Amino acid sequence: MIETTETVLAVDRLRKVYNEGTDAAFTAIESVSFSVSRGEFVCVVGPSGAGKTTLLRAIAGLAAPSSGTVTFEGQVLHDVPAKLGLVFQDYSRSLYPWFTNGKNIALPLAARGVPKAERASRVSDALEAVGLGHVEKKYPWELSGGMQQRVAIARALSYRPELLLMDEPYASVDAQTRFDLEDLVLRVRRELGITVVLVTHDIDEAIYLGDRIVVLSGSPSTVREVVDVPLGSERSQVETRSSDEFLILRNNLLGLVMPVRP
Ligand code: ADP
């Protein structure tokens, strides 16, 4: 669902070379450009090693590009912007086991200077938003994997992000939980009006979630194509995934990501 066409994120000719200037120099991203409108859900797909995580880290301001720029809300990024939420694949390493779930969310807020009284309400609002209002005083290890990933999503939401970046967030959970979490993110995104960029190697997931899909080539990556997903904003795991439109998109995308055989 695109509410405006205001560009919130622009990636322009981004190139990333690891260990630049050494014998171990490795070009992970050749040149990637795309933009994201406010409120839009953009998925980035590509084979393993295509540089998806590298791209997301550059968009998050965690890794400087070798050349090219990332512009967020009109400013070229040089640091992690405050209005950004991040969710990584490995929830088990992203939550501190010795802190309660509530404290896992509150600590980064404290580091960002959010006053104590406001922290409490943000923690409970964020946990409510992911349907986990009752786990604030429990510890991460008392929860299932899917619930821990929901806590990690709640933590990202507690920053009140303009942009939510997700790196293969559902790769470590079972299929049923994955469907639940996909629907959760679609709902939260609709309710809070946030912009989302999600990277995944799963084409079906990209189609189910996205308004547009950026298809990366293999390493070193370029943008092979940007595909529109005209499936509307209401999606259902059973009906959407079995619709003709979905299957046509799936075939189209498979053709784009499958390696060309000599
Ligand atoms: P993807 O997320 O698409 O699987 P990555 O962004 O993780 O791809 O990695 C892209 C390529 O860059 C891979 O070949 C990987 O080995 C390499 N790479 C990733 N991080 C580093 C690093 N810190 N130093 C050197 N090479 C790296």
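**View 1. Helix α1 lies across a set of strands**. In this predicted model, helix α1 covers residues 52-59 and lies across β1 (7-18), β2 (26-37), β3 (41-45), β4 (67-72), β7, β8 and β9 (212-216). The helix runs at about 125° to β1.

**View 2. Ten strands make up an open sheet**. To find your way across, follow the order β5-β4-β1-β2-β10-β9-β3-β8-β7-β6. The pairing in this sheet is mixed. Which strands sit at the edges? They are β5 (75-76) and β6 (84-87), each of which pairs on one side only.

**View 3. Strands β7 and β8 run parallel**. Here we look at β7, residues 163-167, and β8, residues 195-200. How many bridges join β7 to β8? There are five. A handy landmark is L165, which stands opposite V197 in β8.

**View 4. Helix α6 lies across β3, β7 and β8**. This helix is formed by residues 175-192, and it runs at about 140° to β3.

**View 5. E205 is found in helix α7**. The helix spans residues 203-209. Is E205 buried or exposed? E205 counts as buried because its relative accessibility is 1%, and buried means under 20%. The side chain of E205 makes a polar contact of 2.9 Å with the side chain of R178. Setting aside neighbours within four places in sequence, E205 is in contact with Y170, R178, E182, L198, T200 and R241.

Key: Residues numbered from 1 in each chain as written. Predicted model: local features only at pLDDT ≥ 70, side-chain atom pairs only at ≥ 80, totals over all residues. Heavy atoms only, no water. Pairing = 2+ DSSP bridges. Helix = DSSP H or I, 4+ residues; strand = E, 2+ residues; numbered from the N terminus. Contact = heavy atoms within 4.5 Å. Axes fitted to C-alpha atoms, helices over the stretch in contact; angles between N-to-C directions. Buried < 20%, exposed > 50% of the residue type's maximum accessible area, 1.4 Å probe, protein only. Polar contact = N/O pair within 3.5 Å; in protein donor to acceptor, adjacent residues only side chain to side chain.
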